[in-house]
Amino acid sequence: MQIKGKNIPLSLVLLLILLISLIAGPLLINYDPVTHDLEHSYHAPNAGHLMGTDKFGRDVMARVLYGGRISLWVALLSVGMSLLIGIPYGLTSGFFDRFDFVLNNVINVFMAIPQFLLILSVAAVLGKSSVLWIVLIIALFSWMDIARLVRNQTLALKHKDFILAETVIGISRMRLLFKHLLPNLIGPVAVSATLLFGNVILVESALSFVGLGVQPPTPSWGNIINEGRQVLIDGWWISVFPGVAIVVTVLLINLFGEYLQERFFKY
């Protein structure tokens with residue numbers, strides 16, 4: 001597929017189709033994802049319910065599509081907040097030498113502890129949380145990779161000839177940071193954010209699976225899988241379809257991120 005002479009990766013095409021399905025799908029399905037219909041409990045996939053029904057008679061396809069919107073919304077907000085924290089932090093650490101030792105060691109401390117363990121511990125202390133709390137918790141412990149990337153790129157760029165020339169002619173530090181350094185970081189940060197997006201979906205799904213993420217009856221991929229784990233033999237479809245949705249979504253996001261890295265932003 002060609003647009004203006006450049007290849008569009010298959011991963012992006014499939015990802016766009018998936019996103020459109022998650023956004024528009026619930027509008028096209030007549031089933032409510034939270035309304036009980038006990039007369040149709042545990043129906044296997046059929047013409048009326050393409051992904052079957054769960055123990056409360058809820059349409060699994062409706063819940064997977066709606067739950068996907070929740071998972072993607074959490075990932076989008078979490079990654080956005082991580083960028084808001086990580087970019088200024090990394091710029092400050094990399095550009096201002098007097099702050100670098102302290103700021104870089106703070107990153108090292110956070111990165112020395114398994115990220116998911118930190119998120120799980122905080123979520124457990126807070127107890128059952130709202131979607132907003134889940135976003136905040138994930139973002140607060142997901143910004144370090146972006147900050148480290150921005151710091152390293154800033155350290156490399158600030159010694160380039162064009163930056164040194166701007167410094168010699170008296171350009172202010174703030175102008176140098178935001179007009180000359182930051183635009184050169186957009187590519188690498190975009191790649192890192194794309195890969196982080198897939199990771200956040202996995203983290204949110206894991207939290208919801210263990211009961212510390214999005215709370216029922218609001219569906220998310222993680223809690224739908226959890227609801228079906230006790231009937232994996234007789235009601236396999238309840239857990240399998242959201243599990244496949246997670247795998248396919250994260251795979252496509254990671255493939256697109258790798259494409260960006262290899263095609264445009266080699267660093």
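Valine 248 is located in helix α11 (residues 236-263); helices here are DSSP runs of H or I with at least four residues, numbered from the N terminus. The model is predicted, so local features need pLDDT of at least 70 and side-chain atom pairs count only at pLDDT 80 or more, whereas totals for chains, interfaces and linings use all residues. Residues are numbered from 1 along each chain as its sequence is written, and side-chain values use heavy atoms, without hydrogens and water.

Two residues are set side by side below. Buried means under 20% relative accessible area, exposed over 50%, and partly exposed in between (1.4 Å probe, protein chains only).

| Residue | Relative accessible area | Class |
|---|---|---|
| Arginine 151 | 12% | buried |
| Valine 248 | 38% | partly exposed |

Arginine 151 belongs to helix α6 (residues 144-157). Its side chain makes a polar contact (N or O atoms within 3.5 Å, one able to donate a hydrogen and the other to accept it; residues adjacent in sequence count only if both atoms are side-chain atoms) with the side chain of asparagine 104, at 3.5 Å. Beyond neighbours within four places in sequence, arginine 151 is in contact (heavy atoms within 4.5 Å) with Gly90, Ser93, Gly94, Asp100 and Asn104.

Note on methods
Helix = DSSP H or I, 4+ residues; strand = E, 2+ residues; numbered from the N terminus.
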